Amino acid sequence: MSEEKPFPTQKTYQPGIVFQPEAHRHIGAGINKLVAAIRPTLGPTPRTVAMTRLDDVRKTPEVLDSGGIIARKVIEMGRRDEDMGAMLARALICAQHERMGDGSATAAVLLQAIYSGGVHYLASGGNAMRLRHYLERALVAALDGLDELTEPVAGKDELAKVAESICHDRPLSKLLGEIFDIIGAFGQLDVRKDHSRILRREYIEGMFWNSGLVSRDMITNQKELQTVYEEPAIVIADFQITDPRQIMPMLELAVDHKVEKLLLIAGELSGDAIAGLTMANGKLKNFEVMAVTGPGMNPDDRQDAIEDLAVVTGGLPLLKVTGQNLRDIRWENFGRARRAWASPHNFGIIGGKGDPRHLRRHVSNLQTQYERTDDAENRGRIRARIGKLMGGSATLWIGGLSESEIEARKELAEATADAMRAAVRDGVLPGGGMSYLNCRRRLRPHLNDAADPDERAAYRILYEALAEPARTIYENAGYEPGEVLGWIAQAGNRGGFDVIRENLAECGSLLDAAAVQKMALKNAVMTAGMALTIDVLVHHRTPEIARSPG
Amino acid sequence: MSVTLDLANADDATYALAASPDFARDGICFAACGSGLYRSRDGGESWRKLRTSSELVTTAVAVSPAFAQDRSVFAAVKGGILRSGDAGETWFTAAFPAPPPVFSSLLGSPDFERDGFLLAATIEDGVFSSTDRGARWQPWNFGLFDLNVLCIALSPAWIDNETVYAGTETGFYRSANGGRAWRHTGFPAECAPALCIACIKDGDSRATRLIVGTEQHGLLASCDNGETWERLATDSITGAVNQLHVSSRGDGSLTVFALVEEGILRSDDAGVTWTETLRVPGMPTAMLPLADRILLGVDGRGVALLPSR
């Protein structure tokens, strides 16, 4: 019996410099290896990839069908030169997956085709920098072609069709279509694991935050563990309230203004302050107060939540940075709402009485911030804020027969939801590789007119590469790509081949998110252009390697 | 002006009027007033107060588009919507969550017989919808930043596109999915509130011409689903436009009626030009133009019956 090799944690390389033509060849080999591992996952009839588990090679291998996840789990290639090419491709694929949730396999095959075409041309004496420049120019023409084909998507049925082309799971797509028809591009969607075997969705009115009542004594409905106030006044403060005497001016002002229900949202409340509020509930006639701690896990989140709450309720928040405390409270500090509810873990507001114009402006500003930021975490945070302010949220409960099935479907639903947001925001394109095939019409005149050999080569390389996603999809579905492309050319329309229905289809029967397709193409061209201009590879003695996937 | 429904209390008001789709034959119409709901079976000549669950202020009334078959009538009172399946003889109540909403408008789908769809607008709680003929109601306010909804209207192509419009205290919203989610339109903020809406099918095209009545800025119209707006008839309309009504003439062309502070205006060219049809003493609060007559609610007086020309 052979002895098991230990899992490699660090490898020592010999230092060295690699020149052309080896540099291009080895980078290409790395890209080819990684893309070959991802290629089978492209299209509506994907095949799977089995991968050794990173934590324990003896465990059952993971079976994956997402290009983004496969690339994330590849942390190094065997040969150091190939490793560089593979890591360039990995960065592209992971960025596509993280930003869009879809299109990573498309980006991978486009990269491979453009790079391989570029290397062939450079071998015959082309200029890499000029080729890169013209590739970027050709990209603009291709993107214009995609823009022409982009159509807005609306209605639950069309949205379900988009979802199905992303996740290939019909029941899940149907629910996602309905959900995104309601919540739109920015709406709040929580995907959660369920104990049942089915998929179900739930819509929640108003907005809610993950922060609950400070004391169970404030729960009035013990059966539902919840307190609901009608027409409450709302005080928002971001500081800690330690002394019960601090709350007296607030209570006096509330009673003077005939407030019957008061919700206090504070940074933190001491035991004495909570006792003071509980006592007020018992002693003051026609007056009730409940308190929750300010939402958010970190100062940034807390500040955002306070800003949003102030806009929604129309109350001026009391802030620590301005040196305010509850003794400074004025009537302008009180916000209002139609209803407020709180449980031990959450609180929510329905029908906040802030100025709707102000709320609309606030949401519009957040949408601008969202468009301008590239940081995935920041985008997620801004999107969650916008989602809350839209006045409702959806929860998708994922059930299944086993824990692993639920986990996989949940991950699929989350990735599909990301791509759906892009589809709702930026429209859809014909799916199944058809949009890339059809946008090539915009490249054809440039290809015919180009006098410069580098320019002509760039247009030709991109023209041919744009057929690669469709070719791969047909191949994965068991067809001979050349034959199918022949059928499409013979049909002469702007359609393509639907590998599910096994017939030539209209553009509208298969749909992809336009933003996903455009970003996949853009990133593939940029990465390929950059890789083509690499002339020399330099290796250190002990290159840094990732300690964990992702 | 002959007042056929004389409201005893001077503080009482007529909030809404509605007629059976087959009014020319059955003469049935309803008046929602501060003192309750009234019904006429003779084209508004005489009225009878209906016994709803209690004598609540009735702010809106709607008659089923399939009234001839289902005899359904809906009336909005504070905190609930009443429904009757026998033209108003007996009533059932659908309750709403507290605090009780105040309804500003109530309407049913043109395809009500099949889809049983109703929409209700409220002053502070946004829009509620029902898909089971008024038995249960759900709030549908996703994207509706302003919950003070003053008017709602269905697109003439509702059956094809499920488009609904809502005028609010601060703007004008559109929903492309039957009111489930709303989007703010390009309605000029300085012209809000939007008090009433008329949707007119623009000739043979699939476009809808929207006309919105405002409190201080007369009428505005949009031909691109609310993205851009132009002002209409600035000379003939100075104050608030409280209600708009679209009537079909025998030849298929449309007349738009506008209820303004001084009386009623009419336009036979989709709102481009307006002529004064009727000058009314007192403050008109609701109107219902019918084939040969106009029912008019006048503040503190009741409902009057007027010839249409």
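1. A word on what you are looking at. This is a predicted model, in which local features need pLDDT of at least 70, side-chain atom pairs count only at pLDDT 80 or more, and totals for chains, interfaces and linings use all residues. Residues are numbered from 1 along each chain as its sequence is written, while chains are lettered from A and ligands numbered from 1 in the order in which they are written.

2. Let's start with the domains. Chain A is divided into domain 1 (16-151 + 430-539), domain 2 (156-194 + 391-426) and domain 3 (208-354); these bounds come from an automatic or database domain assignment. The centres of domain 1 and domain 2 of chain A, taken over C-alpha atoms, are 26 Å apart.

3. Where do domain 1 and domain 2 of chain A touch? In this contact, 13 residues of domain 1 of chain A meet 13 residues of domain 2 of chain A (two residues are in contact if their C-beta atoms, placed from the backbone, lie within 7 Å). On the domain 1 side, β19 (511-513) and α19 (514-532) of chain A each supply at least two residues; helices (H or I, at least four residues) and strands (E, at least two) are DSSP runs, numbered from the N terminus. That side of domain 1 has eight nonpolar, three polar and two charged residues. Here Ala, Val, Leu, Ile, Met, Phe, Trp, Tyr, Cys and Pro count as nonpolar, Asp, Glu, Lys and Arg as charged, and the others, Gly among them, as polar.

4. Next, have a look at helix α1 (residues 22-38) of chain A beside helix α3 (residues 80-100) of chain A. Their axes come within 6 Å and cross at roughly 50°; axes are lines fitted to C-alpha atoms, for helices over the stretch in contact, and angles run from 0 to 180 degrees between N-to-C directions. α1(A) and α3(A) are therefore oblique to each other (angles under 35 degrees count as roughly parallel, over 145 as roughly antiparallel, 65 to 115 as roughly perpendicular and the rest as oblique). The crossing of α1(A) and α3(A) is right-handed; a crossing is left-handed if the near helix is turned anticlockwise from the far one by less than a right angle, and right-handed if clockwise. The residues in contact include A:Ile27, A:Ile31 and A:Leu34 of α1(A), with A:Met84, A:Leu88 and A:Ile93 among those of α3(A). The contact of α1(A) with α3(A) divides into 11 nonpolar, four polar and six charged residues.

5. α1(A) also meets helix α4 (residues 104-123) of chain A, where the axes come within 10 Å and cross at roughly 155°. That makes α1(A) roughly antiparallel to α4(A), and the crossing is left-handed. Among the residues that meet are A:Gly28, A:Ile31 and A:Val35 in α1(A) and A:Ala108, A:Leu111 and A:Tyr115 in α4(A). By class, the contact of α1(A) with α4(A) has 10 nonpolar, five polar and no charged residues.

6. Further along chain A, helix α11 (residues 356-372) and helix α12 (residues 376-389) have axes that come within 9 Å and cross at roughly 160°. α11(A) and α12(A) are therefore roughly antiparallel to each other, and α11(A) passes α12(A) in a left-handed crossing. Residues of this contact include A:Leu359, A:Leu366 and A:Tyr370 of α11(A) and A:Ile382, A:Arg383 and A:Ile386 of α12(A). Seven nonpolar, three polar and three charged residues make up the contact of α11(A) with α12(A).

7. Now some backbone details. Most residues other than glycine have a negative phi, and most peptide bonds are trans. A cis peptide bond joins A:Gln20 and A:Pro21, with omega about 5°; A:Pro21 sits in the loop between β1 (16-18) and α1 of chain A. Another cis bond runs from B:Ala192 to B:Pro193, with omega near 5°, and B:Pro193 is in the loop between β17 (183-184) and β18 (194-201) of chain B. A:Leu225 has a positive phi, near 50°, in the loop between β6 (207-209) and β7 (227-230) of chain A.

8. Finally, chain B. Its secondary structure comes to four helices and 28 strands, and its C-alpha trace spans about 45 × 40 × 35 Å along its principal axes. The contact between the chains takes 19 residues from chain B and 19 residues from chain A. On the chain B side there are 10 nonpolar, five polar and four charged residues.
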